[in-house]
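Work through the exercises below with the sequence and the model at hand. Each task is followed by a solution in steps.

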Amino acid sequence: MKKILAMVIAALMVTSIIAVPVHADDPVTLTMWCIATESDANRPAYEQAIAAFEEAHPDIKIEWEAFENQSYKTKIKAAMSDPETLPDIFFTWAGAFLGDFVAAGNVYCLDDTYANFQEQLPEVMLQNASYDGGHYGVPLTMNIVTLFANMDLLAEAGWDHVPETYEDLTACCDALVEKGIIPFGCAGKETWCVTEYLEPIIEKTIGYEALNEVFAGRATWNNPGIAESVSTFQDMINKGYFDPSGMALGNDEVKANFIAGKYAFYQNGSWNCGEVNDAEGNFQVALFPVMNAENATYGQVIGGPSDTLAVAASSKNPEIAANAAFELGRDICHYGYLAGSGLPAWTPDYDTSEVKALVADVAEIVAAADGMTLFGDTAMSADPANTYLDYVSLVYGTEIDGQGFIEGLAEELQ
Amino acid sequence: MKKLYSNKGHILLFLIPAIILFCGILIAPIVMSGYYSFFDWDGLGEKTFIGFSNYIDLFTSNRIGFMKALGNSLVLALLSVGLQLPLALGLALVLGKGIKGERIFLSIFFMPVLISTVVIGQLWLKIYNPDYGILNVLLRSLGLESWTRMWLGLRETALGAVFIPTLWQYVGYHMLLLYAGVKSVPKELREAAMLDGAKDSQINRYIVLPYIKPIIRISVIFAVTGSLKSFDLIYVLTNGGPFHSTEVPSTLMIDMLFLRNRYGMGSAIAVLLIILCFAFALIINRVFKEEE
Amino acid sequence: MKLTDKIPRMLIYIGLVFWAVINLFPVYWMFTFSLKNNDEIFGENVAGLPQNWIWSNYTEALKTGNMGKYFLNSGIVAVATILITLAVALMATFALTRLIWKRRKTLNKFFMLGLTIPIHASIVPIYVTLSRLHLLNTYLALIIPYAAFSLSMAILVCTGFMNAIPRELDEAACIDGCGVWGIFLRVIVPLMKPAVATVGIYTFLQCWNELMFANIFISKTALKTLPVGIQALSGQYTTAWGPIGAALVVATFPTLFIYVFLSKRIQDSFVAGAVKG
């Protein structure tokens, strides 16, 4: 018996040695750029996914580099000016950011490869990275704007649940202010953090369909509902609901303050769930309350799949890279979901009982969502998006009012 | 000798590395930028020729804010010439006369120049931090709670808060340049004046200053062009914010090139910056010549 | 000494010491908070010496932040840039001041154009050029542009020094049978030593600080330079000031240390440069 076993093993070894060159002509190296730096919540998910990929494909090596978010935007755009310098696979935001690169012909179309992954990845998740009917990006995670609440602080102000109407929210904030607790933290130094507050208010005032039309440029900004939302937001600022230091702080500082118990609420992307979940204290997730029940419901959310991997048209091995992008995307999604750094864009085919409590709660909110609007600065192309961000920052600094906001944007973005 | 030094082959050989480096990396790319500045182009797709529209927009559109950015950098230039240089000159005159501890002071004052701008920026970010920064902590401990500010977050204070480290860092640089000039004043001149009973202030005014005028001129040129070109520290501290109140032409250019995908407009800013720096250098030269 | 002399002298010293404190304090503060934890930095002990010296901030900066590696890269880039700039500038200056030909004044002015060109003015065309030459992601991707942007200043400084070398030396060497290269290498270059320090400092400052090129032209962690590394690290540790402080110190103190030893020579060469420039 032992002899036979030994012979079988020997035979297997021989075939495997012979078989290797048959399977793969040459070892392939794929290069990849992303923004999962050491401190990024997604870093472990990338590491695990890449390790899993290289184990499954011993003939393919992934050489990857991570860059700090802000400098990455400069870097990828410079690289687009000479497509030869692009890596095979690159991280990008869906919507207009990727759209500009697609329009320039620098991105490889993933339609053929997608056919192999259709079962695991619903087509609706590819929507934000599809242009003229072609699919150009693999979604990693999807995220929505989430209202995080520190229940211990709320309890101090006499609240045992997150307010679900605007009246309750103002009552709660007034009680918090009275107790000397700052209700909200918002990083003014990074304007996208301000949109995480403003966009849900607008959506809950005019409804997600109307907001979608505005972001897509099909409807005018000159909408009294938007002006009203801006006034609501500025009312909250003027009543002292926001940390006055916020204007000079970055998001990481604000988030740290919230986790340390300095603010009662923090409204930001659901990718923070894992971190908030693991922090000491009693936290809950919710959505911003409805402002105008005629147009909006509680279940309307801001967000969608935005974090995306794309393949360069200049890649030497576009098919291999495309396949890798899908497999990596799937696994980054998998590990990211378990770690709480995002919700799955891919249908989970693994045990999800280990998912963190807050993540599961947000997943439930998404499952019950009535409608969704993509983040404004992702939906709009670069120039108008930055004009929009300029105006949002003016709103946060109360430099302009609602009327100025809608008239200014309507005039500049037509 | 003359024949040896007139050999065309040698002349070419000595010049070629410099010309290749200079034209390949400085001149050619700028010519390219000049060309792009006449187009409406996102840096990726089709270019549309629009003549001088980009330039006209820069000077007329409030939205782009180029004039504001230019104004900011001119204020910086003014402060640099009006505050930084006099301070540097004062230090140079005092130290150049030769006093106890001259070397130590010289070394300390030059030190900030040697620290990387990014380090200086990160350090001052911490100094200005509204909650834990040493500046607000100091004010609070002095009982001046009402003086504390979010220095980098307010329209009113941000520009000043950005300029202070910018000016602070390079005092030592100008000081050393001017100190070198002061040291080069021939001893005999000084001694002769002292024998005539001249006071220190008189020696400085009638002997040292006229002697080091060429160096003052260079210092002024560096201060002004340096202010117009300033980028790194502002990029680290505020990146032009809040509400574009600390924007200077260079940060605006990077914004146009990489954030707004307005490649033609960014190139136009680059070209204008070069023209402005050059014009200022010429004007300053002229002013100093006329004084002579 | 009379009292009337003493009082202004006192005032001058007070002024000097005051300015010295303004220059030293930020560096002192940086050093102290690099050794503290957030509790001390944020309240208990803002400006004093650390109560517990937390050296682990440094291991963190060096290990996670790769500061050692980045420092080395910056050093390599700086030294190579200085050497190339010097070689190219000395040769060009020799042709511009010694050799005899028409239009050398014009060419000199042409090189001086470089003094007014901001380094960021044409970042994308330079990127494309470097990419065509297959130089991206190498040290040369930084060395070549840095050298090009330092060239004008270097020629300006070298011209002053070289004009001050008496032409009789060239004549003598020529009579001794030296060729052009012989005169350049054996007579001129050795006499240019004081210019080396001045040019070196200018060039060093240029490339030691530069952030934008370094960010865009280099994509490999192994080749990144200090400014990029510090920006990245401070993005990672926005809320833990200790390790950032440690990284800032690591990036700063070696240069200051070298400076302490060389300061006299640097200052002297500046003085020499001013006489000749």
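Residues are numbered from 1 along each chain as its sequence is written, while chains are lettered from A and ligands numbered from 1 in the order in which they are written.

**Exercise 1. Confidence**

Task: State the overall scores, then find the elements with the lowest and highest mean pLDDT in chain A.

Solution. Step 1: the scores of the model are ipTM 0.86 and pTM 0.87.

Step 1: pLDDT is the predictor's confidence in each residue, from 0 to 100. Its average over chain A is 90, with 94% of the residues scoring at least 70. Helices (H or I, at least four residues) and strands (E, at least two) are DSSP runs, numbered from the N terminus. In chain A the lowest mean, 49, belongs to helix α1 (residues 2-23), and the highest, 97, to strand β8 (residues 182-184).

Step 2: residues 12-24 of chain A have a pLDDT below 50, and this stretch has two contacts in the model beyond near neighbours in sequence. Two residues are in contact if their C-beta atoms, placed from the backbone, lie within 7 Å. Where pLDDT is low, the predicted coordinates should not be read in detail.

Step 3: chain B averages 90, and 100% of its residues score at least 70. For chain C the mean pLDDT is 86, and 95% of the residues reach 70 or more. Confidence in chain C is lowest in helix α2 (residues 38-44), with a mean of 74, and highest in helix α4 (residues 67-97), with 94.

**Exercise 2. A helix pair**

Task: At what angle do the axes of helix α8 (residues 191-206) and helix α9 (residues 208-215) of chain A cross?

Solution. Step 1: axes are lines fitted to C-alpha atoms, for helices over the stretch in contact, and angles run from 0 to 180 degrees between N-to-C directions. The two axes come within 7 Å and cross at roughly 120°.

Step 1: angles under 35 degrees count as roughly parallel, over 145 as roughly antiparallel, 65 to 115 as roughly perpendicular and the rest as oblique. α8(A) is therefore oblique to α9(A).

Step 2: Ile202(A), Glu203(A) and Ile206(A) of α8(A) make the contact with Tyr208(A), Ala210(A) and Leu211(A) of α9(A). Five of these residues are nonpolar, none is polar and one is charged.

**Exercise 3. Span and burial of a helix**

Task: Compare the span of helix α6 (residues 117-128) of chain B with the one expected, and say how many of its residues are buried.

Solution. Step 1: the expected span is 1.5 Å times one less than the number of residues. α6(B) has 12 residues and reaches 16 Å from its first C-alpha to its last, close to the 16 Å expected.

Step 1: a residue is buried if 20 or more other C-beta atoms, placed from the backbone, lie within 10 Å of its own, exposed if 12 or fewer, and partly exposed in between. In α6(B), 12 of 12 residues are buried, including Trp124(B) and Lys126(B).

**Exercise 4. Positive phi**

Task: Is Asp132(A) buried or exposed, and is His244(B) buried or exposed?

Solution. Step 1: Asp132(A), though not a glycine, has a positive phi of about 50°. Asp132(A) sits in the loop between β4 (130-131) and β5 (134-135) of chain A. Asp132(A) counts as exposed because it has 9 C-beta neighbours inside 10 Å.

Step 1: His244(B) also has a positive phi, near 60°, and lies in the loop between α12 (232-237) and α13 of chain B. His244(B) is buried, because 20 other C-beta atoms lie within 10 Å.

Note on methods
Predicted model: local features only at pLDDT ≥ 70, side-chain atom pairs only at ≥ 80, totals over all residues. Nonpolar A, V, L, I, M, F, W, Y, C, P; charged D, E, K, R; others polar.
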